[in-house]
Amino acid sequence: MIVEIGHYALVLALALALAGGTLPFWGALRGDVRLMAVASTTAVAQFLLVALSFAVLTYAYVVSDFSVQNVVENSHSLKPLLYKVSGVWGNHEGSMLLWVLILVLFGALVAMFSENLPLKLKALVLSVQSWISAAFLLFVLIASNPFLRLDPAPLQGRDLNPLLQDVGLAIHPPLLYLGYVGCSISFAFAIAALIDGRIDAAWARWVRPWTLTAWCFLTLGIAMGSYWAYYELGWGGWWFWDPVENASFMPWLAATALLHSAIVMEKREALKIWTILLAILTFSLSLLGTFLVRSGVLTSVHAFATDPTRGIFILCILCVFIGGAFSLFAARAGSLGQGGLFAPISREGALVLNNLLLTAACATVFVGTLYPLALEALTGEKISVGAPFFDMTFGPMMVPLLIAVPFGPFLAWKRGDIVAAGQRLLFAFGAAMTVVVIGLALMGTPSALALFGIALAVWLMVGALSEIGFRTKLGRVSLAESWRRGAGLPRSAWGTTVAHFGIGVTVLGIIASTAWNSETILTLKPGETVTVGSRVLTMDGFVPISGGTYTGTSVRFTVREGGNVVATMEPEKRLYSVQNMPTTEAAIKTFGFSQLYVSLGDISADGSTVVRVYWKTLVALIWLGALVMTAGGVLSLSDRRLRVGAPKPARRSVPLPAE
Amino acid sequence: MRRLMLMLGLILSALPAFAVQPGEILKDPALEARARALSVELRCLVCQSQSIDDSDATIAHDLRVLVRERLQAGDSDEAVKAFLVDRYGEYVLLRPRLTWHTIVLWGAPPALLLVGGVLAFGLFRRRRATAATELTQDEQARVEALLAREE
């Protein structure tokens, strides 16, 4: 009965989505205030209904209701509670329901927290949002319904894929979806602006917090996924250029570009058409990602062809929304008009460069991800596009972008002075060069590329701080005065600095962990030792382990440095009995920002065990940098100017003449 | 179950990776380094997108051993790749070779950058042309009149 309530709530949400997509839209076109007001009500009601339905599915998982097919296929009564709950979205049907839940959550947030949005714009935005949720609710109900019953009900479930029984995987999908789906808001705003035929700086101001929110979640989600791969896969890699990763990385690149172009639009009313296009592209890439991951097209074009229902359904949604959006864009973009003028060397110019490189990089990832699929579908030829391709193409595009990052904030709007900007960055440049010299002196000549990378990271970090240093006149006035100035700076300025600093941190982690990475592969027996740098690991012996639905063995290592015990590590090998699937759990110890990483291979009958030991210098900075970037985003989000409810600026009565 | 397998394949290739085994490592460190560098560029044929260096699948093990055998026999890196492509097709290479099949793939990134650059450049040129248009005397007079009235 409870399960049917969830099912019914979902149908009801679909009906409301249809109503919320048509009535306010009709009202907006006719100028009917009462019809437009329906938008907020339906948006909030949709959220409540889908939330109820999601709660019901979660309940079915928690109580292990094996009369529900979805629960049988993905759960087990002995599974720990956390993984029972995370199992709700650890499968296709449940994760699509989570997708829809987050979609309607964002709709409800827009409905509740944008009182100062013009009624017409709000009605249009929420209508577009309702169309999207109607399409996906239909998809869930028709092609991936999690509420289907099973009769007779089996006594036990088939358990969740062991690799998904992990804290990282419990929070990774919700974070990623908050990012993915959050992009729908800027898409809805873009479509509404195109329908309305009007767009201005205020529009950019309304869109930016939503984009920034989505971007923060996307950053966290991707970082989380990367860290999960790092500790779960057992060989220390953290990014694979796997199509699934690329599917989340493309919207991130586009959203990053969008964040920056929206600044230009907000401050200078320039790049309007481009910003609208980026907003459409970003969500299109999110939809594409959903299609790639959910349709099965990635495993092979043929696997897709044998069971195409779901894939084709999502493909249709994709075509309707992306095709429709681009048609509308083509028809209306010309009427939006141009904005303020600016010279190539200016803040705008720097942001155009940022957009150019980010978009080209995003397109490169797009081509690299989809080319093998297209080629196989068209010619039957199978090729692989892997990490070496992306290293060769994506990498070189990032270098000029990263070099340019510190310059951006130092350039004035309209017309900037690159020489003056360079002078203000002399300290950062000096710091980068000092690191190179120290590096050469300390380590002889490591690879030139590594040294360049480290210098680039320092340039980014010090360059980001230089901006705040300059604006607070650090060193030129008293510290108290600098402090006062710093406190008076807008939060968004701090946000920029922190986020740009974060990029430097991540770059440092990437370069250091790649260049100063040691790997030891050997066979050990209990009592034997292995030396990694200044640390000695002793294999003490085996410990049987068991928990939830697995049993296994862990190997206990003692780590000594200069004779003193500094850590013990216990990498594991598990066997999940229900799915008969072995997994390895690496043991990781963090020293400073560097990590010692131990994982197990085959264990022979005589106790000799294949062991892999890695030392990864500064590797934790990769993910710490992502956290810092997110913190920058959050800081910027808390800026008074962007706070939802902040008084909107007086609309310029006479628009700037275009040409 | 099929759905489960599919998902599994999607999230990562089936088993936890545990690549190079101690027994595989060559005595000659230079040769071993070349083998590792080559392995990174070769695809584990049954995996989602792992190189044979990262994968513990049986085929990856076989390929790693094969690569080392060829290297010990004195093959150049290119010869080893060619040998594997002969056996398994272009699919085995993670960095596709430049052929007419892949010309779009390799050409796209620079082409896109170039087109984007030209478009951005055009943006500035057009704008500069606009900015350079000076006011006629008549317009100048009107502007001044308007400004005077504002004050």
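Two residues are in contact if their C-beta atoms, placed from the backbone, lie within 7 Å. With that in hand, here are some close-ups of this predicted model.

View 1. Is A:Ile468 buried or exposed? A:Ile468 counts as buried because 20 C-beta neighbours lie inside 10 Å. Setting aside residues up to four places away in sequence, A:Ile468 touches A:Gly486 and A:Thr497. Look for A:Trp494 too: the C-alpha atoms of A:Ile468 and A:Trp494 are 7.4 Å apart in space, while the two residues are 26 apart in sequence.

**View 2. A positive phi at A:Lys473.** A short walk along chain A brings us to the loop between α17 and α18 (479–488), the place of A:Lys473. A:Lys473 is not a glycine, yet its phi is positive, at about 55 degrees. Most residues other than glycine have a negative phi. A:Lys473 has 13 C-beta neighbours inside 10 Å and therefore counts as partly exposed.

**View 3. A positive phi at A:Leu618.** Here is another residue other than glycine with a positive phi, this one near 55 degrees. With 22 C-beta neighbours inside 10 Å, A:Leu618 counts as buried.

**View 4. The cis peptide bond between A:Asp151 and A:Pro152.** Zoom in on the backbone here and you will find omega at about 0 degrees. Most peptide bonds are trans. A:Pro152 belongs to the loop that runs between α6 (119–143) and α7 (167–196) of chain A.

**View 5. The largest nonpolar core and a second one.** The largest nonpolar core holds 217 residues, and the members that touch the most others are A:Val100, A:Phe189, A:Leu253, A:Ala254 and A:Leu460. Helix α8 (residues 201–232) of chain A supplies the largest share of this core, 19 residues. To get your bearings, centre on A:Phe189: beyond its neighbours within four places in sequence, A:Phe189 is in contact with A:Val125, A:Trp203, A:Trp206, A:Val207 and A:Ala279. A separate second core has 16 residues, among them A:Val555, A:Phe557, A:Val559 and A:Ala586.

**View 6. Where domain 2 and domain 4 of chain A touch.** The domain assignment places domain 2 at 197–415 and domain 4 at 517–616 of chain A. Their C-alpha centres lie 39 Å apart. How many residues does each domain bring to the contact? Domain 2 of chain A brings four residues and domain 4 of chain A brings eight. On the domain 2 side, the residues touching domain 4 comprise two nonpolar, two polar and no charged ones.

**View 7. Helix α2 of chain B and its two faces.** Chain B has six helices and zero strands, and buried residues account for 32% of its 151 residues. Helix α2 (residues 29–40) of chain B has 12 residues and reaches 17 Å from first C-alpha to last, close to the expected 16 Å. Its buried residues are B:Ala35, B:Leu38 and B:Ser39. Seen down the axis of α2(B), these buried residues fall within an arc of 100 degrees, so they line one face of the helix. That buried set packs against α3 (58–72) and α4 (77–88) of chain B. On the face turned away from the buried side of α2(B), look for the exposed residues B:Pro29, B:Ala30, B:Ala33 and B:Ala37.

Notes
Residues numbered from 1 in each chain as written. Chains lettered and ligands numbered in written order. Predicted model: local features only at pLDDT ≥ 70, side-chain atom pairs only at ≥ 80, totals over all residues. Domains from an automatic or database assignment. Nonpolar A, V, L, I, M, F, W, Y, C, P; charged D, E, K, R; others polar. Helix = DSSP H or I, 4+ residues; strand = E, 2+ residues; numbered from the N terminus. Expected span 1.5 Å × (residues − 1). Buried ≥ 20, exposed ≤ 12 C-beta atoms within 10 Å, placed from the backbone. Arc of directions from axis to C-beta. Core = buried A, V, L, I, M, F, W, Y, C linked by C-beta atoms within 7 Å.
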